[in-house]
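The following exercises are to be worked with the sequence and the model at hand. Each task is followed by a solution in steps.

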Amino acid sequence: MAGGGAEEETTLEYTPTWVVAVVCTIIVAISLAVERLLHFLGKLLKKKNQKPLFQALQKIKEELMLLGFISLLLTVFQNLITKFCVPKHVVSHLLPCKLPEEKHATQSLSQWALGRHLLSSAPSSCSNEKVPFLSLEALHHLHIFIFVLAIVHVTFCVLTIIFGGAKIHQWKLWEDSVAKDNYDTEEVLKKKVTHVHDHAFIKDRFLGIGKNSAVMSWVHSFIKQFYASVTKSDYLTLRLGFIMTHCRQNRKFNFHKYMVRALEDDFKKVVGISWYLWIFVVVFLLLNVDGWHTYFWIAFIPFILLLAVGAKLEHVISQLAHEVAEKHAAIEGELVVKPSDDHFWFHRPRIVLFLIHIILFQNSFEMAFFFWILFTYGFDSCIMGKVQYIIPRLVIGVIIQVLCSYSTLPLYAIVTQMGTHFKKAIFDEHVQAGLVGWAQKARMKTTTGNPNRGTAIQLGRFVRSENAKEEITLTSAAEENK
């Protein structure tokens, strides 16, 4: 027995060997099972030629490795952290839970300090006037929270891409209908005269009460994200605009297949936890002070961002309709919109993906924090907060997950193709590899001053920018396999 009356924990020296062997066997078996499962899933994705999803799986493995390293650091430095002593008044401020009443303050603070001492398995070296900077039990709970956060984030991202992908898959019927009708863009442009204001796309996006007003156009875009966010006329018009801008000579371009490949390519970026997201975690752990109801207020951040992103994506479609409707009453051929980066925030469509990444992570953070508190401290814990703050948080979290899956993500998939450039997913993987190799050889010839650096076969022009690895602009036609 320890001097304070607390029972000392048994060390490994006096633990039965069969107990150690059983625990090690269980841990190793679970670890190997997870590793084999991930390996099998990776082989399956490669076999099905799903390289973007395979890369997303590799990103998940990287996150698990990072968690393992964080776990190792917490284990190695736990004694150093728990033996670091500070005065009692230092750790009596910015608490998640309120300290006992003033009349019991002296007695309660002593019991609280003793509790922090007993939570550490190692004998405390702190004097009576000091307490450990962080108890071993609190360190263990923090460790669990980081792990739960990563798992919930990956799970929510996977659910979002699954449900969003199911919604996008429904659009394949529209793509197939075009192919079945032998849709020929050039023939349509030559022989048909379209009355712009009679077109279904213009009727839905431009005509109507207040739609030609800037303010009412935003209001309509905001509401539109909740119902029929993308209609058949939207899809066919945006599809034709993309084809006529980027691959005019490829009359049977499979826009749906390209869009799905581009979305899978972006998924591997969303599933990871970037450095700025970890900063977000630290900041809100700091602000989790009793009485501030921080986690209630931050639940509105991803919700507001999601509504803003959805409204913006809908407004981009409306802007494309306005451009055509305001300039033409009738046009020869089919109605064609002109994709441009000017319709997006700061002329950068990639900002939308960045915001979706933040939205999904913040929502995951809210849900992970709730489940962590629920299973670690219980529903009645003071950290959990009052019921009137808990219920709205959970409702908002569910709304965000559903709206992002069935509306915002499908909108992102099609509307971000309306930028000036298109993504490398327009090419099959072997074509991508060939283009990259060709560009590297051309660059090497340029740097060495080779007079024959002008290649006989001009595949296209690579646009150098911060997203040069992701986007390519061609000056000639792009042929796409069905």
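**Exercise 1.** Determine which residues Leu-287 touches, not counting residues up to four places away in sequence.

*Solution.* Step 1: apply the contact criterion, heavy atoms within 4.5 Å. With residues up to four places away in sequence set aside, Leu-287 touches Trp-292 and Thr-294.

Step 1: Leu-287 lies in the loop between helix 12 (275-286) and helix 13 (294-297); helices (H or I, at least four residues) and strands (E, at least two) are DSSP runs, numbered from the N terminus.

Step 2: Buried means under 20% relative accessible area, exposed over 50%, and partly exposed in between (1.4 Å probe, protein chains only). Leu-287 has 29% relative accessibility and therefore counts as partly exposed.

Step 3: look along the chain. Leu-94 is 193 residues apart from Leu-287, and their C-alpha atoms are separated by 8.1 Å.

Two notes apply to all the exercises. The model is predicted, and local features need pLDDT of at least 70, side-chain atom pairs count only at pLDDT 80 or more, and totals for chains, interfaces and linings use all residues. Residues are numbered from 1 along each chain as its sequence is written, and side-chain values use heavy atoms, with hydrogens and water left out.

**Exercise 2.** Describe how helix 14 and helix 16 pack.

*Solution.* Helix 14 (residues 300-327) and helix 16 (residues 387-415) pack at an angle of about 25°, and their axes are 10 Å apart. Axes are lines fitted to C-alpha atoms, for helices over the stretch in contact, and angles run from 0 to 180 degrees between N-to-C directions.

Step 1: classify the angle. Angles under 35 degrees count as roughly parallel, over 145 as roughly antiparallel, 65 to 115 as roughly perpendicular and the rest as oblique. Helix 14 is therefore roughly parallel to helix 16.

Step 2: identify the partners. Among the residues that meet are Phe-303, Leu-306 and Gly-310 in helix 14 and Ile-396, Leu-403 and Leu-411 in helix 16.

Step 3: sort the residues of this contact. They divide into 17 nonpolar, 2 polar and 1 charged; Ala, Val, Leu, Ile, Met, Phe, Trp, Tyr, Cys and Pro count as nonpolar, Asp, Glu, Lys and Arg as charged, and the others, Gly among them, as polar.

Step 4: examine one member of helix 14. Gly-310 is buried, with a relative accessible area of 0%. Leaving aside neighbours within four places in sequence, Gly-310 is in contact with Gln-225 and Leu-411. Gly-310 and Ser-221 are 89 residues apart in sequence and 8.1 Å apart in space, C-alpha to C-alpha.

**Exercise 3.** At what angle do helix 10 and helix 11 cross, and which residues meet?

*Solution.* Step 1: the axes of helix 10 and helix 11 (residues 255-270) come within 11 Å and cross at roughly 85°. Helix 10 is thus roughly perpendicular to helix 11.

Step 1: Tyr-235, Arg-239 and Phe-242 in helix 10 meet Phe-255, His-256, Tyr-258 and Met-259 in helix 11. The residues of this contact comprise 5 nonpolar, 1 polar and 1 charged.

**Exercise 4.** Count the aromatic pairs and classify the pair of Phe-145 and Trp-372.

*Solution.* Step 1: state the rule. Rings of Phe, Tyr and Trp (its six-membered ring) pair if their centres lie within 6.5 Å; planes under 30 degrees apart count as stacked, over 60 as edge-to-face and the rest as tilted. By this rule there are 29 aromatic pairs.

Step 1: apply the rule. The ring centres of Phe-145 and Trp-372 are 4.9 Å apart and the planes are at 50°, so the pair is tilted. The pair links distant parts of the chain, 227 residues apart: Phe-145 in helix 5 (residues 136-169) and Trp-372 in helix 15 (residues 350-376).

Step 2: compare with the accessibility classes. Phe-145, at 1% relative accessibility, counts as buried, and Trp-372, at 11%, also counts as buried.

Step 3: find the wider group. Phe-145 and Trp-372 belong to one aromatic cluster, including Phe-280, Phe-284 and Tyr-295.

**Exercise 5.** Which angle has a positive value at Ala-228 and at His-347?

*Solution.* Step 1: the angle is phi, about 45° at Ala-228 and about 60° at His-347, although neither residue is a glycine.

Step 1: Ala-228 lies in the loop between helix 9 (214-224) and helix 10 (232-246), and His-347 in the loop between strand 4 (330-332) and helix 15.
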